[in-house]
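Here is a friendly walk through the structure for someone meeting it for the first time. Please keep the model open beside you as you read.

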Amino acid sequence: MSGPGQRFGSVSAPAALGPPSGGSHQTAGGGTAWAAGHSLRLVCPATVSWLAALVLLGCSATTGAVVAAGSASVALLIWATTRNGPPRLVSWRRAVGSGDRVGGRSRGPVAGTALAALACGAATAAVVAFKVHGVSTGPVVELAARRATVTAEVEIGDDPRVRPQRGGLTRRESVVVEARMVSIETGDGPSGGTPGARSRPSETRPLGPPDSVEPREAIERGESTDASGRILVDVPVVLLASGEGWSMLSPSQRIRVHGRLGTAERGDLTAAVLLVRGPPEVLSGPSAVQRAAGALRSGLREASDVLPQGARGLLPGLVVGDVSRLDEEIKENFTAAGLSHLTAVSGANLAFIAGAALVFARLVGLPLPARAILAVVAMGGFAVVARPSPSVVRALAMGVVAALAMGTGRSRDGVTALSATVLGLILFNPGLARQYGFALSVFATGGILVLAPRWRDRMASRMPRWAAEAIAVPAAAQVAVTPLLVLMSGQLGLVAIPANLLAGPAVAPATLLGFGAAIVAPLSMTVAQVLVRPAGLAAGWIIVVAERAAALPAATIGWPGGVPGLALLAVAVVLVWVVLRRRIRRYVVAVLLAGALVAALVIGPVTSPWPPPGWLLVACDVGQGDGMVLSTGPGSAVVIDTGPKPGDANRCLHDLGISRVPLLVLSHPHLDHVGGLAGVLRGRTVGAAVVSPGRVPQSESARVSVELRARRIPEWVVPPGGRWRFGGTEITVVSPEPDTPKMGSAEGAIANNASVVLLVRWSDERGTLIGSALLAGDLETAAQAGLWRRGVPEVDVLKVPHHGSSRQDPAFLSATRARAALISVGAGNDYGHPSPLTMARLHLLGMRTYRTDLSGDVAVIERAGRLAVVPRGK
């Protein structure tokens, strides 16, 4: 969930809060004009345009054209009747337009506003109809309907976006690329011919639509072709791809791709979705502007290498939105703390750059118009560094409007500037109407313009004005976007406002110093690194704020999503308003909230400490994966598997206070067991790593080996009988044998059956056995049966193999005679784990089950000479 704070996705508020310059003014007729201050003359047309685009994007082009014609007709009728109509209508028009009294009541310029709204609605409907027609007709759409395999040339429109991976056995980088398709040809593809070769017409054509479009047919249908017979098109498409070579592409590059077309989602201004097979074939480099942007961004990354790991990845994100090196855990913390908007290029970046330019212009004595020009130039330069992608261009549009308003002496009319920007952007790109990022930006900026000044003025009587403004801005922005966040994610962020308040002061210096470093880096890397160091301190502070905020209890709370959640939120707001109307009630609520905060932060950790005293083993809640920790002394532990994400692994070890890992055991190289390796290694010393003798899958096994070698951590394969003792804890390898034949028909099953299985025994100071546990990795039925035939040790605690899947051997489970069963599993996983059949078997065997998806971290502790299980709770 992203909280807006003082920085947004596309647009930004004017730098200063305050009433419009000049206040409201009187017209010749004595009425108050709406044009001054928070003018509604543009708010209504902008709102009508937004709503028209939002609705009509899901309709046909014909519907849009009809709405456009109807709205234009009504607008012309109003205009004609109020201009040249009967005397009574003319008198009414004049009264309405001038503010004169009609029937004893003063009227505002209602007719003018209605006329503008209808005209803008008609223009938007016409633009939408034109755009929808362009993406719903033509050869690309027809081929997509048949899911044809094609070879196409496309021009990259925006930076490739890496899609978060959900599940899977190995790490796969999949990307989403927005592009424009410029030519297309059908072919048999890699399996049946050379990619790009046109399909040849068969002698006998089947009934129904053809699977390919031949040049002659294209010409007959009025479609353009080039000399090689390719069909020339110009339509927006979305590429879904995976593999190497995609993340390095830049906007404006032209590439050739091969894949299967699919239909686009209704309402998107996209002609088709192309599921790409294989890597891209680069046909041309980026444009001069994009090359300059790439060089400057690369210079900033190189200069940031002198910073600590976290700041090294965050600073480019703060400055130009480059999150290619941002740590996954930091991303998760930023999301939980409502700070993820800081790594998106927004109007706030432009506001910082323009503000610095204006300060310089004022110091050298430039006049107001020259200051505005300098601000525009500075923002344009920043747009080059940030790479002129659509989001940057949208932010630049708002900045230019604000600069023009300043240059003409109307810099305070923020709502008018915001409305003009929204109207212009919707007319230019109606697809923005359905983008949550755009809506969040507009709502946040509107909240700052409308709510923040009032809240600041009320708080200024109780605190310094600067402090009141620092609190009012993020609070107003967060309140304004909360309804959208509920619609998007079904969550409410309780720490977003204080987190933005604490992080806000560090954003501006980090942005300005980082931007300066990017500009200087091509000339002098030494100077750039000097500028980067203080910027790194600011970035480090933001990281600390995000980490602390994300770690707070109930940083985000669940809330119903969609329209029901929005309705419930409205009811809650009304109830809060009723309760807080009286001062005494506000004091009571403040006391109750303070008490709840003390209970959560002070009393809770004292009464329910984590880890519990005497803990021996913890099954970490790492989602759909395994992550186990064996205590070997204060601050020291053996780690068995790391889960799929570094953030979850690091969080668990941090909560346990682990700084040393004398032994790391990676049961087998599947992503859900080794994906969090970087989180274990972060800030900790690791003595050695034990890995499975089965190097399947090879790609993930090789990645693990490279990461271990980079940290100079020895990598061991230990046969059964290998043993370590750490105080009263003894760990023994049970399986597999290094020369055991592969078991399983698929690669996944082969890797699972080669899992390292450990037997753990705990003894007291006198050597008396306290209890034992069997950590069985992801063994499936074949390997479990083999282990049962060789003899399964009886234990008190069983880590159920393979997340409780249905592939369990009943004899193996029974032979363990365990009293407690730990199941490491992710909530709502796609695999159906744990299996109901397995849960029933465990229950019949008398085992009490503990699941990390329901109980969070689960600890095995020593209590009165016996083992006990303590769930942490979600």
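1. **Ground rules.** This is a predicted model, in which local features need pLDDT of at least 70 and side-chain atom pairs count only at pLDDT 80 or more, while totals for chains, interfaces and linings use all residues. Residues are numbered from 1 along each chain as its sequence is written, and side-chain values use heavy atoms, with hydrogens and water left out.

2. **The chain as a whole.** The protein chain holds 29 helices and 28 strands. Helices (H or I, at least four residues) and strands (E, at least two) are DSSP runs, numbered from the N terminus. Of its 874 residues, 47% are buried. Here buried means under 20% relative accessible area, exposed means over 50%, and partly exposed is in between (1.4 Å probe, protein chains only). Among contacts in the protein chain with a separation of 6 or more, 70% come from residues 24 or more positions apart; a contact means heavy atoms within 4.5 Å.

3. **The disulfide.** How many disulfides does a search of the whole structure find? The search finds one, a disulfide being a pair of cysteine sulfur atoms within 2.5 Å. The disulfide joins C620 to C652, with an S to S distance of 2.0 Å. The link of C620 and C652 is left-handed, with -65° about the S-S bond. C620 sits in the loop between β12 (615-619) and β13 (628-633), and C652 in helix α21 (residues 646-656), so the pair ties together parts that are 32 residues apart in sequence. C620 is buried at 4% relative accessibility, and C652 is buried at 1%. Two other cysteines can be looked up too: C44 is partly exposed at 31%, and C59 is partly exposed at 23%.

4. **A sheet of seven strands.** Please trace the open sheet with the order β20-β21-β22-β23-β24-β25-β26, whose pairing is mixed. Two strands pair if DSSP finds at least two bridges between them. At the edges are β20 (723-726) and β26 (848-851), each of which pairs on one side only. From one strand to the next, the twist averages 20°; the axes behind this value are lines fitted to C-alpha atoms, for helices over the stretch in contact, and angles run from 0 to 180 degrees between N-to-C directions.

5. **Strand β23 and its partners.** Strands β22 (residues 757-763) and β23 (residues 769-775) run antiparallel and are joined by six bridges. L759 has L774 as its bridge partner in β23, and V760 stands opposite A773. The hairpin of β22 and β23 has five residues between the strands, and G767 there takes a positive phi near 90°. With strand β24 (residues 797-799), β23 runs parallel through three bridges; K799 in β24 is the bridge partner of L775. Is β23 mostly covered or mostly open? Six of its seven residues are buried, so the strand is mostly covered.

6. **Helix α24.** Helix α24 (residues 698-710) has 13 residues and spans 18 Å from its first C-alpha to its last, close to the 18 Å expected at 1.5 Å a residue. That expected span is 1.5 Å times one less than the number of residues. E700, S701, V704, S705, E707 and L708 are buried in α24. Seen down the axis of α24, its buried residues fall within an arc of 165°, so they line one face of the helix; the arc is that of the directions from the helix axis to the C-beta atoms. An α-helix has 3.6 residues a turn, so residues three or four places apart point the same way. On the face of α24 turned away from the buried side are the exposed residues Q698, R709 and A710. The buried residues of α24 pack against several elements, including α22 (671-674) and β18 (689-691). After α24 comes R712, with a positive phi near 55°.

7. I426 belongs to helix α13 (residues 414-428) and is buried at 0% relative accessibility. The C-alpha atoms of I426 and W50 are 6.6 Å apart, although 376 residues separate them along the chain. Q253 lies in the loop between β6 (231-242) and β7 (254-262) and is buried at 9%. Leaving aside neighbours within four places in sequence, Q253 has contacts that include V154, M248 and P286.
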